[in-house]
Amino acid sequence: VSCPVSARIFFRLRAMAGPLLGLLVFASVIGGLVLVSYTLLPVSSAQSAVADVIRIPPGASTREIGELLAERGVVRNPRHFVLASRLLRLDGRLQAGDYELSPAMSILAVLDRLASGEIATVRVTIPEGSNSRDIARILEQHGLVDAERFRSLVAEGRDLVKDLLPFEIPIASLEGYLFPDTYRFPTSIGEEEIIRRMVSRVVKVVYPLIEQGRGRHQLSVHEITTLASIVEKEAMVDAERPKIAGVFYNRLAHNLPLQSDPTVQYVMANPRRHLYLRDLSIDSPYNTYRYRGLPPGPIASPGLASIKAVLEPAETEYFYFVARGDGTHVFSRTYAEHVAARRRLRR
């Protein structure tokens, strides 16, 4: 039995199916692209996003990393993070470490940073003439160390770096061997590795300089570093460093005490800028008013200018100097001249 009406409806629906199916496929593709684009977009705008340091633990899977980033608000959906990593063939290639990540970063940017190992770092400048107490405070202010633990490690640090040293340090302390420089330290570096990096800079930068000048002096690396640390603390003007070094060489040659205020200040719990007479009687081998010769070790980290001054001191007849108060000094040949200069300057 024929049914003309039903047949016409069937054929009309079949004719419409092709375009309708194509429209549905097109809509699905567009919807998928919109969804993917939305997924890859940053969670927040650059104006409102705040970067944070996030630690990716060693051995974490891509899924675990995605879940961690979703919890910290860096990505929207951990599954999308995993999918993107697989499409980019980065699954299993994301590196552990501390990363500075922001909700303003796209998933692609986050993946690129984790795959390249671009870990978060802190820029730290250690000024010339800083001692271990100063350095510990600076590093602690940057959130890199516990100051007390850092100082304790430096005080007994020789064994920590013995594999790095091409020269001998006769005392346990690494005071003076933490090279003053600008560093970029990973945020999770730890006290031991910071110490090793700073000592490595001494080996790389200072030691070759000393070796080149070895024929011009009779001092060991440790003695040069010790004397340079005293010059560093006494001098404020680069042009005077060789002259100050020359004064100390003269005093050493004539078995006179160095009488350097910074060596006394080094052993004071609360050092003062100007010493009192009673401070000069402190019983410590670092007190160069009481004990002749060099102290047991450096009192600070000398810069290259002070190292060079000790390697090439000025030939001078001076045995004394007193600060003018403007960074320069008055130099004297005799004690009487020195006393007169102090009276003029009211020192």
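A close look at one loop

Mentor: Arg89 lies in the loop between H3 and E2. Those labels come from DSSP runs numbered from the N terminus, where helices are H or I runs of at least four residues and strands are E runs of at least two. Before we go on, keep in mind that this is a predicted model, in which local features need a pLDDT of at least 70 and side-chain atom pairs count only at pLDDT 80 or more, while totals for chains, interfaces and linings use all residues. Residues are numbered from 1 along each chain as its sequence is written, and side-chain values use heavy atoms, with hydrogens and water left out.

Back to Arg89. What is its phi? Arg89 has a positive phi of about 60 degrees, although Arg89 is not a glycine. That deserves a second look because most residues other than glycine have a negative phi. Arg89 also counts as exposed, at 70% relative accessibility. Here buried means under 20% relative accessible area, exposed means over 50%, and partly exposed is in between (1.4 Å probe, protein chains only). Elsewhere, Asn255 also has a positive phi, of about 55 degrees, without being a glycine; find Asn255 in the loop between H9 and H10.

Your loop holds Leu88 too, between helix H3 (78–87) and strand E2 (97–101). Leu88 is partly exposed, with a relative accessible area of 41%. Together with Leu83, Leu87 and Leu108, Leu88 forms a nonpolar surface patch with about 390 Å² of accessible area. Patches are made of residues with over 30% relative accessible area and no salt bridge, joining like charges within 9 Å and nonpolar side chains (Val, Leu, Ile, Met, Phe, Trp, Tyr) within 5 Å. The areas come from the Shrake-Rupley method with a 1.4 Å probe, and for residues only the protein chains shown count as cover.

Now for charged pairs. Side chains of opposite charge can pair when their charged atoms come close. A salt bridge here is a side-chain nitrogen of Lys or Arg within 4 Å of a carboxyl oxygen of Asp or Glu, and by this rule the count comes to 16 salt bridges. One of them joins Asp52 to Arg72, with the closest N and O atoms 2.5 Å apart. This pair links distant parts of the chain, 20 residues apart: Asp52 sits in strand E1 (residues 52–56), and Arg72 in the loop between helix H2 (62–71) and H3. Asp52 is partly exposed at 38% relative accessibility, and Arg72 is partly exposed at 39%.

Asp279 counts as buried at 6% relative accessibility, whereas Arg272 is partly exposed at 27%. There is also a network of salt bridges that links Arg149, Glu191 and Glu192.

Grid points are joined across faces, edges and corners, and a volume is the space filled by probe spheres set on the points.

The largest pocket has a volume of about 1,400 Å³. Of the 42 residues that line this pocket, Glu234, Asp261, Pro262, Arg273 and Ala323 are the closest to its centre. H12 gives the most to the pocket lining, with five residues. By class, that lining has 21 nonpolar, nine polar and twelve charged residues. For these classes, Ala, Val, Leu, Ile, Met, Phe, Trp, Tyr, Cys and Pro count as nonpolar, Asp, Glu, Lys and Arg as charged, and the others, Gly among them, as polar.

As for cavities, the structure holds one of 30 Å³ or more. About 60 Å³ of space lies in the largest cavity, whose lining includes Tyr177, Phe179, Val202 and Ile307. The cavity lining has eight nonpolar, three polar and no charged residues.

Notes
1 Å grid on protein atoms, 1.4 Å probe; cavity = no way out; pocket = protein on both sides within 12 Å on 5 of 7 lines; lining within 4 Å.
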